[in-house]
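Here is a short briefing on one protein chain. Keep the sequence and the 3D view open as you read.

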Amino acid sequence: MNTAAVSCTESATVIESSRIMRESDKERLTKPAANNATVVSAKKRRLSKSGKDVRYQHPEKRPRDDTTALSPVIANPSAKPRMVSSERLVKALHSKYRPYFTEPVSEEYTVTLEYPGDSESFLLVWPVVKTGHSHEAEVEDKDEYNPITDLVRTVYCIYENYLTPEQQQLLGDEAHGILRNLNKHRNRRNGPGFVEAVKDFNRVIADLKAKGELSKNAKALRHPNYDLACHILYQVYSRTVARQADALNNYQAFSNNVYGEINPVLINEFITKTKINSHSVFMDMGCGIGNVVLQVASQTGCEAYGIEIMELPCKCAKRQLKEYAARMKAWRLPTGKIHFRHGDFLDVGSSDMYQTLKRADVLLVNNYAFDWKTNHSLAQLFLDLKEGTKIISLKSFVPKSHKINQRTFHMPESILRVEEFEYFSEAVSWTNNGGIYYIATVDRSRLKPFYEGMYKESLQQS
């Protein structure tokens, strides 16, 4: 099963990445802010009993007594959240990278890229894997993060989403102008030409920022579309989780804790089918590293919750949330109201998330690997859901043989009206094949005749 995972083990990679991030936090407190220029959903099952709710809110909206819960997201509430730069990420694993351009560039192969609300530094290197004994035998390692690809995609995301047609003309297109130069010099591996194209791009973006045009365009954008959200979440994932992904494979096979992901393309379909919007409350029951929660919140601006029983993935979700908050600020986009909790979604007595469950509009339960007992316990919780709540699942909570009658109308399955949908290849991590998912809607109207019958029967008996 293909899985993405996160680790807090003692691997050298994790230790080095953690050291770099700690140094980054230290530098942010001692230096003035510098102008630095496929995602996946982690699904798992029930969660541990303890745990704090970790959320991100804008500084002016944070309750004064909530600093403990917020501290894992932003260590210093008064400090501006800062991104983990591409340069810092690559330096942590420098042995895997080589200079990309055959014509050398100065300044240690580093460029800065302007964002709508910030900037980020990139090293002009690429990940390589050896196919022989010489440098000529090195080819791109497509499984590793490529900073140049990230930079170019970021340029196009800004071009396509933040600029009006008139403003796009300042950058040209594939046939002429700055965009053509960027691609031409990248393909020809001409370092000085590529750096000059990035500087030209920065001059245009900086000018539009100074005039307030990008801020106005960002407000009109409101929420990122699917493609932009995927790019931002890819940036978040690559800087916080990707280096530790193998550790999430450490689970007991065929257990309720088997780790699997629902991929972004299917999450986007869930958003459309259930009509999640900025007024909705969404909950992912078994959120893993939090990718689904972040994608739904970013694309819709809804109030989004994730609960996860496994400690390691939940730590990664909180780490992603911190980077997500900084990146959304750099893109001048709202974060949505996001909460992560480490806990067991079946242990309603010890979790205040149960109150959230009762007001949720949409629930996601990746119950593909759940046993019958867990699914049955989950169904009991659904009795307290409000009318119209939608439950997305990979297995149906209602058997096809279920019939509503005098013996079954009190069962949780009887309040669920189920629709069946097909998903296609590469929609989930555990198989390349397609499959079926289900959306159950809480609908108690079908039980009305049975309750009326009981009432009439009680009158007759009295």
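In what order do the three strands of the open sheet lie? The order is β3-β6-β7, and the pairing is antiparallel. This is a predicted model.

**The three-stranded sheet**
- β3 (97–99) and β7 (138–140) are the edge strands.
- Each edge strand has a single partner, so one of its sides is left without a neighbour in the sheet.
- Direction ignored, neighbouring strands of this sheet are turned by 60° against each other on average.
- Strand β6 covers residues 125–130 and runs antiparallel to β7.
- Three bridges join β6 to β7.
- Val-129 has Val-139 in β7 as its bridge partner.

**Helix α11**
- Helix α11 spans residues 291–300.
- Of its 10 residues, 10 are buried, so the helix is largely enclosed by the rest of the structure.
- Buried here means under 20% relative accessible area.
- An α-helix has 3.6 residues a turn, so residues three or four places apart point the same way.
- Gly-301 follows α11 and has a positive phi, near 75°.

**The whole chain**
- The chain holds 15 helices and 15 strands.
- It has 462 residues, and buried residues make up 54% of them.

Methods
Residues numbered from 1 in each chain as written. Predicted model: local features only at pLDDT ≥ 70, side-chain atom pairs only at ≥ 80, totals over all residues. Heavy atoms only, no water. Buried < 20%, exposed > 50% of the residue type's maximum accessible area, 1.4 Å probe, protein only. Helix = DSSP H or I, 4+ residues; strand = E, 2+ residues; numbered from the N terminus. Pairing = 2+ DSSP bridges. Axes fitted to C-alpha atoms, helices over the stretch in contact; angles between N-to-C directions.
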